[in-house]
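Me: I would like to go through the terms used for this structure and see what each one rests on. Please set the values against the definitions as we go.

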Amino acid sequence: MRKYPLILTAMLSLNLAACQPAMLQPNTLRTGTTATSSRVGAPITIRIQPVATSGMQVKALAKTLADVATYTVTLYDNANVMVPSGGGFTNPMTITAPATTVTLTGMPEGTGYYVKVQAFDAGPTSISQGGAVQSSNTVDLASGVATYSSGTALTVALTLTAGTVGTGAATGTITDNSMLTSTGYGLGLVNNASGQIATKATASQPTTGLSFTAVQEGAHTGATHELWMFAANANQATPARPFAGASNGAGTVNAAFAGTTLAATAVTSYPTTAVANSNGNYADTSGNVYFFNGTDIIKADAGASYAQTAIVSAPGTVTSMCVDASGNVYYTTGNDIMKADATASYATSNAVTASNVGQIAVDEAGNLYYADTTNAGDHMVLKAIRSGSTWGTAATVVSSTGGAVTALATDAFQDVFFTLTGVSSVKRSQRNVDQVTYAAVSAPVTTAAEPTSLAVDRSGNVYFTDGQSTSSVFLWHAGDGTTNFRVAGTGAAGTGMDTIGAGLATAQALVSPSNVAVNAAGMLFFTTKGTNGTDDILRKV
């Protein structure tokens, strides 16, 4: 009997961007040589079914390479019998992660050999879907040559299991310095890996021992969740602020927010930003604010008391724009979406080629959305998915009749929010749990007589101004039905002024608030009219 040394090489590849599970790539068996593995085929896609608990959407993430501790590799003959150990050959073999290569020696010659592979976590618990997974091909060993039934390697497509839905340990003490005489706290918990959002209503939420149950687990690295919280009293509220959650260990969920402090929310004015008829406010993570006026896109620098600088001069009148967290600017003049790169002195390039482009938006993954204005009486929103530095062909996510889109925004889960001409509400199309398709738009998330500007934070809190209530900025929270909380303004019209007095934001009289914006840090911006009644003055809460 001839003995054959064999090299088994296994490589795991994970396509996170496409929400695809891990696949064990070619296990290469070669006589007397060390083989080099290569990628073949495409990863298998797995769909995770949602579980609804306590009114919150809960979905387990797929296990990742970080969850794998070991792999077992077992060799079988053509009679489906495990090849016995001996002659320096051990069967089954164990590969300790992150290593993916093991040498098998002392193999007897034979035909129809195949392997089964299984992944384990540190438990050790199997995290291979279906247990041990068999290679899709076989190998014959004879005369010093390994001959494969197909391809040049033994291949095992190994799908890792879904993660475990855990219980959130969201415990801690809320220190409330908001000056609002709060009666409750609105909460949103964002999973930083998936963007999934869980919410709790403001009614009677305690300041100690607060807990989320059945929270979707995170990716087990870094700050896995982010808590967004605001204080409320009747129809008044503070803007929501983010607080980092604790990191997760493998198989656990921890959304703790110990030491959370809600600060007072006064209005700060920046008279140097005065500009007649500004259009839109958009803020990056650093708190810089961007708006457009005619053919110019202007940046108000947070590090220079919001002094203005024109950063883009478009070839035509700008009709819509948006800004991502890094300060890259996207705009349209009615056709195409252009990108002005913040790292290249705002050099401009084409991001999406399209005709009849209306309102545009960008999500935190860099995907671009735009309203198609081909049919003025209808509303259609398309989404172009970002891949590296390019965007794919846009696909429709919202399509209906009854008004053109007048404002567009997204949250961390890539839900789409919009307002329409002649429609007294803010609407939402929610991304389905397959993270690809979108649900049909049903009832509006909230009503407003005449929405004039719109912004949405990571946790899905909606900020808007209402042309029929010309003195306030409002907040809608997913946990509170159709309640509109007033976050700035008294509800009664004030007189134009360049600088608003100090004090609680809801105690300040405002004139024609508009151009509302919110960034990933929870900073809220809007404009109101100045002393001359014409200029828009930037305000920050």
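**Terms and what they rest on**

Reply: Strand 30 is joined to strand 31 by a hairpin of five residues, where strands are DSSP runs of E with at least two residues, numbered from the N terminus. The model is predicted, so local features need pLDDT of at least 70 and side-chain atom pairs count only at pLDDT 80 or more, while totals for chains, interfaces and linings use all residues. Residues are numbered from 1 along each chain as its sequence is written, and side-chain values use heavy atoms, with hydrogens and water left out.

Me: What makes strand 30 and strand 31 a pair?

Reply: Two strands pair if DSSP finds at least two bridges between them; strand 30 (residues 368-372) and strand 31 have five bridges and run antiparallel, so they pair by this definition.

Me: Why is Asn137 called buried?

Reply: Asn137 has a relative accessible area of 4%, and buried means under 20% (exposed is over 50%, partly exposed in between, with a 1.4 Å probe and protein chains only), so Asn137 is called buried.

Me: Where is Asn137 found?

Reply: Asn137 is in the loop between strand 10 (133-134) and strand 11 (139-142).

How values were computed. Helices (H or I, at least four residues) and strands (E, at least two) are DSSP runs, numbered from the N terminus.
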